[in-house]
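Hi everyone, thanks for coming. Please have a look at the sequence and the model on the screen, and then I'll walk you through a few spots in it.

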Amino acid sequence: TGHDNYLAFSNSINRPDVMTNPDLVAGELAFDSAGYFFQKNGLWELADKGIGDDIILAITKKINGGTIGLDDRIKHYEHALHVLGA
């Protein structure tokens with residue numbers, strides 16, 4: 001994610017302590033930071049298009065710039081659907 005993303009997120013939620021304690025993003029602010037990243041990068045619009053491997057591919061490319069981890073992401077997505085009964 002990098003320094004610039006952490007700084008932008010920190011500023012967006014008015015939490016300067018994110019910059020001195022970045023572990024907050026992996027803990028108590030994990031969902032907030034993920035939501036911020038989705039909003040900032042237009043990923044909600046992709047996700048709203050429906051369910052399928054093509055959507056996961058498009059989101060993966062926007063996040064990673066490529067397809068590294070795609071198979072693992074699809075596996076976890078399908079597992080989540082199963083757990084949620086979707």
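Let's start with T60, which counts as buried at 0% relative accessibility. Here buried means under 20% relative accessible area, exposed means over 50%, and partly exposed is in between, using a 1.4 Å probe and protein chains only. Before I go on, two notes on how to read all this. This is a predicted model, so local features need pLDDT of at least 70 and side-chain atom pairs count only at pLDDT 80 or more, while totals for chains, interfaces and linings use all residues. Residues are numbered from 1 along each chain as its sequence is written, and side-chain values use heavy atoms, with hydrogens and water left out.

Back to T60, then. Where does T60 sit? It is in helix α6. When I say helix, I mean a DSSP run of H or I with at least four residues; strands are runs of E with at least two, and both are numbered from the N terminus. Leaving aside neighbours within four places in sequence, T60 is in contact with G65, G66, T67, I68, L70 and R73. Contact means heavy atoms within 4.5 Å.

Now the helix around it. Helix α6 covers residues 53-64, which is 12 residues, and it reaches 16 Å from its first C-alpha to its last, close to the 16 Å expected at 1.5 Å a residue. That expected span is 1.5 Å times one less than the number of residues. In α6, the residues I55, I56, I59 and T60 are buried. Seen down the helix axis, the buried residues of α6 fall within an arc of 135°, so they line one face of the helix. The arc is taken from the directions from the helix axis to the C-beta atoms. And what covers those buried residues? The cover includes α4, α5 (43-47) and α7 (70-84). Following α6 comes G65, with a positive phi near 80°.

There is another positive phi to look at, at N14. Its phi is near 55°, and N14 is a residue other than glycine. You'll find N14 in the loop between α1 and α2 (17-20). Is N14 buried or exposed? With a relative accessible area of 64%, N14 is exposed.

Next, the aromatic rings. How many aromatic pairs does a search of the whole structure find? It finds 2. F9 and Y36 form a tilted pair, 5.6 Å centre to centre with 50° between the planes. For the rule, rings of Phe, Tyr and Trp (its six-membered ring) pair if their centres lie within 6.5 Å; planes under 30 degrees apart count as stacked, over 60 as edge-to-face, and the rest as tilted. This pair links distant parts of the chain, with F9 in helix α1 (residues 2-12) and Y36 in helix α4 (residues 30-40), 27 residues apart. F9 is buried, at 3% relative accessible area, whereas Y36 is partly exposed at 22%. In the pair of F38 and W44, the ring centres are 4.8 Å apart and the planes are at 50°, so this pair is tilted. W44 is partly exposed, at 39% relative accessibility.

F9 comes up again in the largest nonpolar core, which has 5 residues: F9, V18, L24, V25 and L29. A nonpolar core is a set of buried Ala, Val, Leu, Ile, Met, Phe, Trp, Tyr and Cys residues joined through side-chain atoms within 4.5 Å. Leaving aside neighbours within four places in sequence, L29 touches F9, I13, R15, V18 and L24.

Last stop: salt bridges. The count comes to 3, where a salt bridge is a side-chain nitrogen of Lys or Arg within 4 Å of a carboxyl oxygen of Asp or Glu. K75 forms one with D72, the closest N and O atoms being 3.6 Å apart. These two residues are 3 apart in helix α7, which separates them by about one helical turn. R15 meets D17 in a salt bridge at 2.9 Å, N to O. R15 also meets E28, at 3.6 Å, N to O. R15 is partly exposed at 25%, while E28 is exposed at 57%. Through shared partners, salt bridges join R15, D17 and E28 into one network.
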